[in-house]
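Please keep the structure open as you read.

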Amino acid sequence: MTGFLQNTFNGLVSGAFYALLALGLAVIFGMLRVVNFAHGAFYMLGAFGAYVLLSEAGVPFWAALVIMPLGLGLLGMALERAVVHRLTRLDPLYNFLLTFGLTLILQDLVKSRYGVQSSPYATPSALSGSVDFGLFDFPTYRVFILGFAVLVCVAVWWTLTRTRVGMVVRAATERPELTPAFGINVGRWVTPVFGFGIALAGLAGVLAAPMRAVNPLMGADLIIVVFAVVVIGGLGSIFGSVAAGFGIGLVQAWGEAYLSSFPIVSQTIVFVVMAVVLLWRPAGLFGREEAPA
Amino acid sequence: MRRTVGVAAASATVLLITGCGGGGPQSGGDQKLTGDKIVLGVLNDQSGAYSELSGRNSVKAVEMAIADFKAKHGDQAVTEDITVETADHQNKPDVANSKAAEMYDRKGVDLILDVPTSSAALKVADVAKEKKKLYFNIGAATTELTGKSCNKYTFHYAYDTYMLANGTGRVTTEQVGKNWYILYPNYAFGQDMEKSFSAAITAAGGQVVGKDGAPFPNTSGDYSTYLLKAPGLNPKPQVLGTMQAGAELVNVVKQYNEFKLRDKGVGLAVGLMFITDIHSLTPAALAGTTYTDAWYWNFDQTNREFADRFQKETGTRPSFAHAANYSAAMQYLEAVQAAGTDDADTVVKGLEGKEVNDVFLRNGKIRAEDHRVIHDAYLAQVKPQAEVTEPWDYVKVLETIPAAEAFAAPSPDCKL
């Protein structure tokens, strides 16, 4: 029982990363119809930025947690203005290729400056202990990540459902052609939403720095699973991406714990789930099938 | 249209030139060296996971060897004209295969050095055999190079999975604890390592109480399932042996520390680790970890002097792969000098059975039976942060494993 609870907890922590990344992808896709392949690269930049800030300017983790998402959000907005928006009218494939190219450029820039070796990043001392849950104790840092991610998700949900900005975003996501007809200037919100999605990726990156290997390829490994998460949750579905993020984290953790004698199953379980979901509900668990044009 | 003609003309010219270059150095019958020069080829990873532990700095090490060789022999040197060719094999067997063939055939390379990544290393061994040209492997770990894939022209220079398992597995079992939990990446290298370690642990009187193959590549980056399981096994393991390498090793170690397994009485032993890995994890994260090293830069004065020179050239301390590249290039040049020719068969004859002591090889011997180069290996332990007094000096050597014990006896599968 204790083991099961621990594995569940771990699954939720992995899921927290998936949820934050998938949430960013979902808002970007919803608003811009852009599949942002560069999301993993921004996650990497978040972690690397935290490392560079700490090692070269002595900026602690807590400050990086604010600085990196803000900085990357601005960078994302600049990129949206400079290149991404020029291609949104065309086939989505063009932006997919563009962001894929951006990924390669960002990865290689970091590689040429810092090499491929992982860079060191220590857990902030305030969070380096462990929390006693009675049945078992658990690293404080993991508890923090889980709490923080849930908080961010709730805040995003609140913004989307309770504020005017949120209503615009939701309207534009669900009925992209109809919303401007109500006199809403959707275009004004496109750039900030793109920046916000990127900021979430950067935030996930900073959170990952103390517990994952910080190297130029860290995002490339993760992004494939995150795409599966987004597809399972339903492309563009904001609630779906978060739910699927935590769900896939759990499935992976349980798979590794209880199916370890079948390594093939535990390695591919995410994609098996994705295939099953697509057969059953082609638009994903929480996605709505678009009306035929 | 005019442009097309121009391009065609240009490429024809290029073809002509390269054609001439390739056919140019016709060696006369009485000439000692083909083309009157020696060309060393360094084929390794220059952009990926192994580019820091070998990569371009291995090329630098080979250049240092050439300079030292020239300085030592001066006018007596077999030739003044010694150059280095280099290529990036991207850790891909097919790329390694074609680059190696290109080096031997078109670039006039006499010896290929380095070649990390076992699958790529085995491909190059086949090329060397086919072309009857020399090949010193340094970067790859597979024992197959001196097992069923061995051949007359291939030498395995620095280390192998047996050396790693035998050193770390045996000594850790004797000194730290008898019960092991092994975590390995579930692919060829990891499975080989797991087998070698299990054998070494059992032979030393220990037992493997549990082992798990983690997904490879592990896309989630999470190892907590295994790390949580380890302390609860019955009997409780005293040692966690991780066979992960590079970034995956970093993930395992970070999370090992997060779950405070050391405080729970589970020590850490690492299958394959380079000084560059310790640098990226920081010694604090690895303090007390044992592993087998083929060479350590601050082991003695000789090594240190080499490391100082290397640092002047590259700005960093050498990994064992760098030192081994230096040594291998040097031993080859000396063998050519002694033979007075770069004819591969003659040089091989001179190398076989030779006993060598240099900056990398201590009590070294080039085994004639299987071309395994044996030498002293070192059981190393990462220092606690408080004992680290200068950058890159992260390790203390607990024990020197004598050359004869460090490597396996020649494999019966090997027929040169």
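Predicted model: local features only at pLDDT ≥ 70, side-chain atom pairs only at ≥ 80, totals over all residues.

1. What radius of gyration does chain B have, with its 416 residues? A compact globule of 416 residues would have a radius of gyration near 22 Å, and chain B has 23 Å, which agrees. Along its principal axes, the C-alpha trace of chain B spans about 70 × 60 × 45 Å.

2. Chain B, secondary structure and record. Chain B holds 14 helices and 15 strands. UniProt, in an unreviewed entry, lists "domain: Leucine-binding protein" for residues 38-383 of chain B. In the model, that span is 43% helix and 19% strand. Its end C-alpha atoms lie 43 Å apart.

3. Chain B, one helix pair. Helix H5 (residues 161-175) and helix H6 (residues 188-203) of chain B have axes that come within 8 Å. They cross at roughly 40°. H5(B) and H6(B) are therefore oblique to each other. Their crossing is right-handed. From H5(B), the residues that meet H6(B) are Thr161(B), Tyr162(B), Ala165(B), Asn166(B), Gly169(B), Arg170(B) and Thr173(B). Facing them in H6(B) are Asp192(B), Met193(B), Ser196(B), Phe197(B), Ala200(B) and Ile201(B). By class, this contact of H5(B) with H6(B) has six nonpolar, five polar and two charged residues.

4. Chain B, two backbone details to check. The peptide bond from Asn234(B) to Pro235(B) is cis, with omega near -5°. Pro235(B) sits in the loop between helix H7 (224-229) and strand S8 (239-242) of chain B. His371(B) is not a glycine, yet has a positive phi of about 65°. His371(B) also lies in a loop, between strand S12 (364-366) and strand S13 (373-374) of chain B.

5. Chain A, overall. Chain A has 10 helices and two strands. Along the sequence the pattern is α-α-α-α-β-β-α-α-α-α-α-α. The radius of gyration of chain A is 19 Å, close to the 19 Å that the globule rule gives for 293 residues, so chain A is as compact as a globular protein of that length. The C-alpha atoms of chain A fill a box of roughly 55 × 50 × 35 Å along the principal axes.

6. Chain A, the record against the model. An unreviewed UniProt entry annotates "transmembrane region" at residues 12-31, 61-80, 92-110, 143-160, 189-210, 222-251 and 257-280 of chain A. Two of these spans are worth a look. Residues 92-110 of chain A are 100% helix and 0% strand, with end C-alpha atoms 27 Å apart. Residues 257-280 of chain A are 83% helix and 0% strand, and their end C-alpha atoms lie 27 Å apart.

7. Chain A, H2 with H4. Helix H2 (residues 39-57) and helix H4 (residues 92-114) of chain A pack at about 25°, with their axes 9 Å apart. H2(A) and H4(A) are therefore roughly parallel to each other. The crossing is left-handed. H2(A) contributes Gly40(A), Ala41(A), Leu45(A) and Phe48(A) to the contact. H4(A) contributes Leu102(A), Thr103(A), Leu106(A), Gln107(A) and Val110(A). By class, the contact has six nonpolar, three polar and no charged residues.

8. Chain A, H9 with H10. Helix H9 (residues 238-258) and helix H10 (residues 263-280) of chain A have axes that come within 9 Å and cross at roughly 150°. That makes H9(A) roughly antiparallel to H10(A). The crossing of H9(A) and H10(A) is right-handed. On the H9(A) side, the contact uses Ile248(A), Val251(A), Gln252(A), Gly255(A) and Glu256(A). On the H10(A) side, it uses Val265(A), Ser266(A), Ile269(A), Val270(A) and Val273(A). By class, there are six nonpolar, three polar and one charged residues.

9. The contact between the chains. Chain A puts in 30 residues and chain B 29 residues. Which elements of chain A give two or more residues to the side that touches chain B? They are helix H1 (2-32), helix H8 (218-233), H9 and H10 of chain A. H1(A) gives the most, with five residues. By class, the side of chain A that touches chain B has 12 nonpolar, 15 polar and three charged residues.

Conventions. Residues numbered from 1 in each chain as written. Chains lettered and ligands numbered in written order. Axes fitted to C-alpha atoms, helices over the stretch in contact; angles between N-to-C directions. Helix = DSSP H or I, 4+ residues; strand = E, 2+ residues; numbered from the N terminus. Parallel < 35°, antiparallel > 145°, perpendicular 65-115°, else oblique. Left-handed = near helix turned anticlockwise from the far one by under 90°. Contact = placed C-beta atoms within 7 Å. Nonpolar A, V, L, I, M, F, W, Y, C, P; charged D, E, K, R; others polar. UniProt positions renumbered as here; feature names shortened; annotations may be inferred. Rg over C-alpha atoms; globule rule 2.2 N^0.38 Å.
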